[in-house]
Structure formats: C-alpha cells, structure tokens
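Here is a model to read strand by strand.

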Amino acid sequence: MTAQPSHAARPSRPSPSAAPSPPDHRRLGRELDLFDTDPLIGSGLPYWLPDGAAVRHALEEFIRGSEQRAGYRHVYSPVLGKRELYEISGHWSHYQDDMFPPMEVGGEELVLRPSLCPHHALIYRSRARSYRELPFRMAELGGMYRSERSGVLGGLTRVRAIQLNDAHVFCTPEQAGDEAVAALELIREAHRVLGIRPVRYRLSLPGAGGKYVADPALWERATALLVEVLERSGVPYEAAEGEAAFYGPKIDVQIADAAGRESTLSTVQIDYHQPERFGLQYIGADGAKHRPVMVHRSVIGSVERVVAHLIELYGGAFPGWLAPTQVVLLPLAEEQVAQAEALRRRCLERGLRVELAGPEQGSLGARIRAARLVPYQAVIGPKEAADDLVALRLRDGRRLAPLPADEAVARIGALVDGYAAGLWEGDAVG
Ligand SMILES: [Zn+2]
C-alpha cells in the first residue's frame, strides 16, 4: 500500500516550464486536454482524456517493462474483497477510516480494497511454495480506493480511485535485504529516466497512538533491516516518526511540487506482519515449513500522483516517449498533403503517435505555434515532397537539415524506444 501523503514546507526548485505562475497540474490538465472531472461521476474521480490516457499508457508500459526486466511477474486481481479479508490483514481495525463502507451483496459484505497486499498474499498462498521459487516478485498496476473527505479532493493528487504501481516480493528472511536494495535501485533508475528528483529519502517509523500493530520485536527487526538497506544504497535519509504503515516501517521517497508541498511517491517496506496473519509458508531446503517475508514496494507510486508531478515538472512539454503527440506533420500546401498522409501511415506503423496538421488549419507559423508542445514537427514543402524528405523542427526551435522521411521515422522511433530525455541524438541532459 502507499503512504498517506504528508505536507511540509520545502524549498521549491526551478521547473523547466516557462509559465510565469507556478505550474499547476489541474490547470494544465484542463488546458492540455489531459484529464477532467464531472460532478455526475463525483469529486476525486477524474477521468482521462485521450491525450492524458496516451501519457498514462506510455508510463504504464515503461514501468511494466522495467519490472519485467527486474524479474517481476505481473498478476491481475479484483478491486473488491470480502470484509473478512481486511479483518485478517488488519486493515479493518487499523485503516477503516480510510476505507469505503461495505456493500452487502447476497448476504456477504464486500469492500473496495484499500490496498493490493491482501490479494497478493492470497495469490501467494494459493499454491504450495518451495524455497526454490523465492524470491517471488509479484507485481500489479491495480486499482485501490480511499474514502477521502470531499473537502480535500482535487486534481490527480487527492483522489478516491487510485491506480497503484505495486509489487510484493515474497522471500526468505535472508533475501529481504537484497530485495529491498534492488527495489530501491529500480526506483532510482525509474526516477532518472523520468527526470524526477526526489527531495529526500525518509525512514518512516511508527509514532504514538494505537494505529500500529503491536509487536515491538518485529518493528525493531524491520527497522534495522531498512537502515541497513539505506546505508548499503548510499542515500542520505531522515527518520520521521508517525509515518510508518500500520504493519511496518518503510522507506519513503519524497517529491515536492513547485509550491514546495511534499508528498510520497515511491516506497519500500519490510513486512513480517501480513505473512504471519495470512499464514504464508514455503518449504525450505531442510524440508520444513518456514515463514516468508513480504517486501512491499512501489516504484512510481500511483499513476495519478506521478502524472500530476510530471505535468508540473515539464509544464506539458513531455519527453518524446511520453508526449501525447510525438510527431506533427506539416505539409506546406495542399499539394503536399498526400505525401504527408503517406508519412503519417509510416509513423503509425512504427508505433509513433502522429498527427497531420494541414494547410486548412492556418499558416505554417500558426500551425507550428499550435503544435509547440509536440517534440517533432516535420515540415513537408515542394522540395521535400519531390525527394521524399522531411525538414524536422524540434520543439526547442532547432531545425535539422532535411532527412529522408524513412530515416527521420527510424531515428525518432529509436529515441522514443530508448526513453531519451533529450529531443535528439547526443543531447546532453541533466
Ligand atoms: Zn503492499
């Protein structure tokens, strides 16, 4: 499960957006047709428009690919579960205030899940497990729900329906440290590709009050392991009391928006509690039954929160691989439209998100201005059309010498496939 967002004053960092006021993902989301809400659907329940859905889809594919390469196996599980499931997991007694009330269906009480962990614990438990199968890294981009009060809802950052990039690594106690270090490495690599710079790493510990499960020895053991993970990873961190999950301590990777409001994006947690509650087992090399450890981790947090952050970070000018439209084709006059249409089909075949803005949409200058957030703007004049060339303009104003159209498509495709942060080959990026 994710951490509850926390808000604290932090210094703001300059953003690549040229907007005079601090970038606000709610305003940009509406202006750029990324997402919106409707009172008939309800507050805290945004929907994604085609351009926003394209960004989200690219992000989901990126994270699934990263996880697959890191040895994770993906599952799907339903967003509902019986009330008893959350009584066993401890959510019912420790987290009920954040859960939607149960729905009675056919004499059973079903609840919208507040986290994916219990479903994953049951998937693990559904088969006999041997130590040879461990670590079992189970990942899902799945829905979960939080009954936030309507007063605090807004944009993509405070929502009632959450799509979480989640995973649980079921492993032996000896493997837990290495798995948590690897998870932290996966997080740092994903942040690097996305251009996200965390403001701090936080070791989130329990605080006063009864919201945490009681077992001081397990808390101490999990905390010691997380400290070791942080030291091995070499990241500076700060400890904070009262920020742990109810079942265990965690490493939270904190980001801040332009106004300096801090929130948790990524997390790594060591959990001895839920394997106990669900009676999870594996058969060890000694032939005896043993209890696995659960490492909960989220690399990019919820897609809502990460997309909100990326919208503000880039002011809508996303890296090529994330851009809703990657290529815009600009035939100079009616005579080049057929050539542009043929190139549009070649771009689509290459898997690029492409649009054709023809002369009926105004002067070339007006069309370039309208497409100012599109990373690759391909101008086709009479000379280019005659020789099957394109004159590429990059979003930052650079103009490349005319290229054979197929070569331009291939080189843009390679940049996009490689999650390039810069717009062209050899661009230095911070
Ligand atoms: Zn979990």
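**Why these labels?**

This is a predicted model.

Q: Why is strand β7 called mostly covered?
A: A residue counts as buried under 20% relative accessible area. Nine of the ten residues in β7 (residues 136-145) are buried.

Q: What makes β7 and strand β8 a pair?
A: Pairing takes at least two bridges. β7 and β8 (residues 161-171) share ten bridges, in the antiparallel sense.

Q: Why do β17 and β20 stand at the edges of their sheet?
A: The open sheet has five strands, in the order β17-β16-β18-β19-β20, with mixed pairing. β17 (354-356) and β20 (403-404) each have a single partner strand, so one side of each lacks a neighbour in the sheet.

Q: What makes β16 and β18 partners in that sheet?
A: Five bridges join β16 (residues 327-331) to β18 (residues 376-380), and the two run parallel. The cut-off is at least two bridges, so they pair. L329 stands opposite A378 in β18.

Q: Which strands does helix α10 lie across?
A: Helix α10 (residues 337-349) lies across β16, β17, β18 and β19 (389-394). Helix α10 runs at about 170° to β17.

How values were computed: Residues are numbered from 1 along each chain as its sequence is written. This is a predicted model: local features need pLDDT of at least 70, side-chain atom pairs count only at pLDDT 80 or more; totals for chains, interfaces and linings use all residues. Side-chain values use heavy atoms; hydrogens and water are left out. Helices (H or I, at least four residues) and strands (E, at least two) are DSSP runs, numbered from the N terminus. Contact means heavy atoms within 4.5 Å. Axes are lines fitted to C-alpha atoms, for helices over the stretch in contact, and angles run from 0 to 180 degrees between N-to-C directions. Buried means under 20% relative accessible area, exposed over 50%, partly exposed in between (1.4 Å probe, protein chains only).
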